[in-house]
Amino acid sequence: MSDDSLHLALDDATGGAVARLTLRRPAKFNAMTRAMWRGLAEALHRVAAMPAVRVLVVAGEGGHFCAGGDIAEYPGFRFDEASLRDFHEREVWGGLSALLACDKPVIAQIDGHCMGAGVEIASCCDIRVATQAARFGAPIARLGFPMAPREAELVAREAGLATAREMLLQAAVLDAPTLLQRGFLHAVVPDAAALAADVAARAERMAALSPEAARLNKQTLRALAGGAGADALVARAYAYAGHAEHREGISAFLDKRSPVF
């Protein structure tokens with residue numbers, strides 16, 4: 001998949017086991033348009049249909065992750081309640097929910113601006129790695145509107161309520177070390193070159209693991225994040241007992257060799 005603003009490609013170095021989705025509007029720091037939100041959902045549906053893909057990396061082009069939404073589009077729909085609801089509940093949440101529903105591990109590769117929509121997209125990813133230069137926030141109160149409920153719930157869950165309050169009520173912009181300390185980020189690296197190397201190494205390592213285990217772990221974590229208790233998951237939790245990857249993993253350990261999944 002390739003268009004003016006989103007690019008989905010397979011990594012030849014991993015034999016297509018790693019896919020890369022790049023936001024490509026560098027002139028606007030990769031701000032999300034309505035078309036990009038719809039394209040995000042489409043891209044994730046395509047990734048889901050690619051059995052060879054085991055890991056997805058989400059990144060931005062030109063030294064930034066995503067600066068938020070494209071404000072130039074806002075006068076065309078934000079002042080009508082029905083069209084505003086449709087934008088957030090169908091287009092934005094359609095893209096975010098498709099990312100959340102992905103059963104393959106997703107890594108966010110974050111540099112530069114990660115604001116508003118960028119924080120929301122990063123919140124949908126499983127692993128988040130950023131450079132020292134990355135900056136995070138959702139200063140939309142300066143524009144006179146709140147974060148939509150589903151999006152606020154997502155950010156509060158992943159970044160923490162205290163951080164969500166700081167971003168939304170103070171329009172605070174926070175640096176990467178702060179977000180690492182608060183648990184939103186998994187690692188902070190010095191610069192873009194180190195970021196690319198770190199993410200590539202993580203993706204390669206994750207792609208070598210059992211895709212079935214990843215799928216089941218993501219489904220469990222998604223259910224727990226949605227409020228399901230562990231007791232509700234037990235009934236179907238052990239159906240993988242006879243799965244080939246389960247047998248291969250145990251056999252490889254006993255044989256003192258690397259598993260082939």
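Mentor: A residue is called buried when its relative accessible area is under 20%, exposed when that area is over 50%, and partly exposed in between. The model before us is a predicted one. By that cut-off, 44% of the 261 residues in the protein are buried.

Trainee: What is the accessible surface of the protein, and what share of that surface belongs to carbon and sulfur atoms?

Mentor: The accessible surface comes to about 12900 Å², and carbon and sulfur atoms account for 57% of that area.

Trainee: How is the radius of gyration to be judged?

Mentor: One sets the value against the figure for a compact globule, which for 261 residues would be near 18 Å; the protein has 19 Å, so the two agree. The C-alpha atoms fill a box of roughly 60 × 40 × 35 Å along the principal axes.

Trainee: How many helices and strands does the protein have?

Mentor: The secondary structure comprises ten helices and nine strands. Let us take strand pairing next. Strand 1 (residues 6–10) runs antiparallel to strand 2, and five bridges join them. Within this pairing, A9 has R20 of strand 2 as its bridge partner. Strand 2 also pairs with strand 3 (residues 55–60), here in the parallel sense and over six bridges. V18 is bridged to V55 in strand 3.

Trainee: Why is strand 2 described as largely enclosed by the rest of the structure?

Mentor: The general idea concerns the two faces of a sheet: in a regular strand, side chains alternate between them. In the present case, strand 2 spans residues 18–23, and five of its six residues are buried, so the rest of the structure largely encloses this strand.

Trainee: Which residues of helix 4 are buried, and where do they pack?

Mentor: In helix 4 (residues 149–159), the buried residues are E151, L154, V155, A156 and A159. The buried residues of this helix pack against helix 2, helix 3 and helix 5 (161–169). Just after helix 4, G160 has a positive phi of about 100 degrees.

Trainee: What does the salt bridge between D126 and K218 tie together?

Mentor: The closest N and O atoms of D126 and K218 are 2.8 Å apart. D126 lies in the loop between helix 3 (117–123) and strand 6 (127–131), whereas K218 lies in helix 8, so the pair ties together parts that are 92 residues apart in sequence. D126 is partly exposed, with a relative accessible area of 30%, while K218 is buried at 9%.

Trainee: Which residues are linked in a network of salt bridges?

Mentor: The network links R34, R38, D86, R90 and E91. Between E91 and R90, the closest N and O atoms are 3.3 Å apart. E91 is buried, with a relative accessible area of 4%, whereas R90 is partly exposed at 47%.

Trainee: Is F77 buried or exposed, and which residues does it touch?

Mentor: F77 is found in the loop between strand 3 and helix 2. F77 is buried, with a relative accessible area of 4%. Leaving aside residues up to four places away in sequence, F77 touches R34, S83, L84 and F87.

Trainee: Which residues make the nonpolar surface patch?

Mentor: V234, Y238 and Y240 make this patch, whose area is about 310 Å². Y238 is found in the loop between helix 9 (230–233) and helix 10 (244–255). Y238 is exposed, with a relative accessible area of 57%.

How values were computed. Residues numbered from 1 in each chain as written. Predicted model: local features only at pLDDT ≥ 70, side-chain atom pairs only at ≥ 80, totals over all residues. Heavy atoms only, no water. Patch = residues over 30% accessible without salt bridge, like charges linked within 9 Å, V, L, I, M, F, W, Y side chains within 5 Å. Areas by Shrake-Rupley, 256 points an atom, 1.4 Å probe, with all protein chains shown as cover. Salt bridge = Lys/Arg side-chain N within 4 Å of Asp/Glu carboxyl O. Helix = DSSP H or I, 4+ residues; strand = E, 2+ residues; numbered from the N terminus. Buried < 20%, exposed > 50% of the residue type's maximum accessible area, 1.4 Å probe, protein only. Rg over C-alpha atoms; globule rule 2.2 N^0.38 Å. Pairing = 2+ DSSP bridges. Contact = heavy atoms within 4.5 Å.
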